[in-house]
Amino acid sequence: MSVLGTLTRRLGHQKWFGATLRLLVPADRLVGRLTKGRVVALGLVPSLVITTTGRRSGQPRSNPLLYVPDGDGYVVIGSNWGQRHQPGWAMNLLAQPAAEVDVKGRRIPVRAEVATGAERDRLWRLLVTEWPAYRTYAERAGGREIHIFRLVPVGAERTDADPS
C-alpha cells in the first residue's frame with residue numbers, strides 16, 4: 001500500500017475527512033465517468049462507480065464507492081460517511097436491485113443482494129480490513145442499519161450450493 005493510501009486510511013476516521021470528501025463526490029463522479037471507471041477515489045482505494053435507477057425519478061444515478069472483491073462479486077456498504085441517513089444509492093438498490101458497475105474500465109451489469117446474518121458478518125470483516133474507518137462510521141450513524149450489499153454480476157448469480 002502506498003504512503004498516501006496508508007495516510008488516507010488513518011484520516012478516514014476523522015469527522016472532517018468524511019465531510020470534506022462528501023463535497024468532492026461530484027468531482028469523483030466526473031473523473032470516474034471520464035476515465036470509464038478506471039480512476040475513482042484517485043486510485044487510493046479499490047473503487048467502482050455504481051449506476052442505480054432512481055427510486056423516485058427512474059433516472060440513472062451514478063456514485064463512486066469503495067468496494068472489496070468477493071469471489072465473482074463486489075461488496076459495498078451504505079455507510080454514508082457515518083451520517084444518520086441512508087445514502088440515496090443504497091435506497092435505490094433496495095427498491096431496484098438491478099444496477100451496473102464500472103470497475104477498472106469494465107462495465108458490468110449486477111444484481112444487489114443485501115447481506116444478512118453470518119454472511120453480513122463475514123463481509124463486514126472484509127470491508128473493515130480494507131477501510132477501518134467503517135467502524136467509526138457505524139458508531140456515528142447512531143444505530144442506523146448500515147446495509148452491506150454483495151453485487152453479483154448478472155449471469156453469475158450464486159446458488160445455495162455455492163461455498164462462498
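Colleague: Which residues in α4 meet which residues in α5?

Modeller: Trp-124, Leu-127 and Val-128 in α4 meet Tyr-134, Arg-135 and Ala-138 in α5, where contact means heavy atoms within 4.5 Å. This is a predicted model, in which local features need pLDDT of at least 70 and side-chain atom pairs count only at pLDDT 80 or more, while totals for chains, interfaces and linings use all residues. Residues are numbered from 1 along each chain as its sequence is written, and side-chain values use heavy atoms, with hydrogens and water left out.

Colleague: And at what angle do α4 and α5 pack?

Modeller: Helix α4 (residues 117-130) packs against α5 at an angle of about 115 degrees, and the axes are 7 Å apart. Axes here are lines fitted to C-alpha atoms, for helices over the stretch in contact, and angles run from 0 to 180 degrees between N-to-C directions. The two helices, α4 and α5, are therefore roughly perpendicular to each other; angles under 35 degrees count as roughly parallel, over 145 as roughly antiparallel, 65 to 115 as roughly perpendicular and the rest as oblique.

Colleague: How are helices and strands picked out?

Modeller: They are DSSP runs numbered from the N terminus: helices are H or I, at least four residues, and strands are E, at least two.

Colleague: Which residues of α5 are buried?

Modeller: In α5 (residues 133-140), Ala-133, Tyr-134, Thr-136, Tyr-137 and Arg-140 are buried. They lie on the same side of α5, because they cover an arc of only 155 degrees around the axis; the arc is that of the directions from the helix axis to the C-beta atoms. Buried means under 20% relative accessible area, exposed over 50%, and partly exposed in between (1.4 Å probe, protein chains only).

Colleague: What follows α5?

Modeller: Gly-142, with a positive phi near 65 degrees. Further on, His-147 sits in the loop between α5 and β7 (148-153).

Colleague: Is His-147 buried or exposed?

Modeller: His-147 is buried, at a relative accessible area of 10%. Setting aside neighbours within four places in sequence, His-147 is in contact with Val-76, Ile-77, Gly-78, Gln-86, Leu-94 and Val-114.

Colleague: Back to phi. Which residues other than glycine have a positive value?

Modeller: Asn-80 has a positive phi of about 50 degrees, and Trp-81 has one near 60 degrees. Most residues other than glycine have a negative phi. Asn-80 is in the loop between β4 (73-77) and α3 (88-95), and Trp-81 lies in that loop between β4 and α3 too. Asn-80 counts as buried at 14% relative accessibility, whereas Trp-81 counts as partly exposed at 23%.

Colleague: Now the sheet. What is the strand order?

Modeller: Seven strands form an open sheet in the order β2-β1-β5-β6-β7-β4-β3, with antiparallel pairing. Two strands pair if DSSP finds at least two bridges between them. The edge strands are β2 (60-66) and β3 (68-70), each pairing on one side only.

Colleague: How many bridges join β1 to β5?

Modeller: Three. In one of them, Val-49 has Asp-102 in β5 as its bridge partner.

Colleague: Which residues have the most contacts inside the largest nonpolar core?

Modeller: Leu-48, Val-101 and Leu-151, in a core of 17 residues. A nonpolar core is a set of buried Ala, Val, Leu, Ile, Met, Phe, Trp, Tyr and Cys residues joined through side-chain atoms within 4.5 Å. Apart from it lies another core, of 15 residues, including Leu-66 and Trp-131.
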